[in-house]
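User: I would like to go through this structure with you. Could we start with the salt bridges?

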Amino acid sequence: MNVEEEVERLKQEIQRLGHIQPDGSYKVTFGVLFHDDRCANIFEALVGTLRAAKKRKLVAYDGELLLQGVHDNVEITLKATTPPQSSS
């Protein structure tokens, strides 16, 4: 799997595990992603995939390098791809 495919899979997993926000983005903590069995089977290097997604400005989180245990509570935000629908 190449980097682009891994980043796309990461987006899907954040949507699956995260919580949608009013602006259409999704939030999940690093610990939830790291400890999920499905993510563990998909991503050989979750941290590397997160860094690639951050470099492409698809996700945002504090810091550069996330470490299991130490950064389990760091929120990762998958930026909204389409504007949220207004309920007027």
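User: Is Arg51 buried, exposed or partly exposed?
Analyst: Arg51 counts as partly exposed, because its relative accessibility is 43%; buried means under 20% relative accessible area and exposed over 50%, with partly exposed in between (1.4 Å probe, protein chains only). This is a predicted model, in which local features need pLDDT of at least 70 and side-chain atom pairs count only at pLDDT 80 or more, while totals for chains, interfaces and linings use all residues. Residues are numbered from 1 along each chain as its sequence is written, and side-chain values use heavy atoms, with hydrogens and water left out.

User: Which residue forms a salt bridge with Arg51?
Analyst: Glu64 does, with the closest N and O atoms 4.0 Å apart. A salt bridge here is a side-chain nitrogen of Lys or Arg within 4 Å of a carboxyl oxygen of Asp or Glu.

User: And how many salt bridges are there?
Analyst: The count is eight. One of them joins Arg56 and Glu4 at 2.9 Å, N to O.

User: What about Glu75 and Lys27?
Analyst: Their side chains form a salt bridge at 3.5 Å, N to O. Glu75 is in strand 4 and Lys27 in strand 2, so the pair ties together parts 48 residues apart in sequence. Strands (E, at least two residues) are DSSP runs, numbered from the N terminus.

User: Changing topic: what is Leu10 in contact with?
Analyst: Beyond its neighbours within four places in sequence, Leu10 is in contact with Leu33, Phe43, Leu46, Thr49, Leu50 and Ala53; contact means heavy atoms within 4.5 Å.

How values were computed:
Helices (H or I, at least four residues) and strands (E, at least two) are DSSP runs, numbered from the N terminus.
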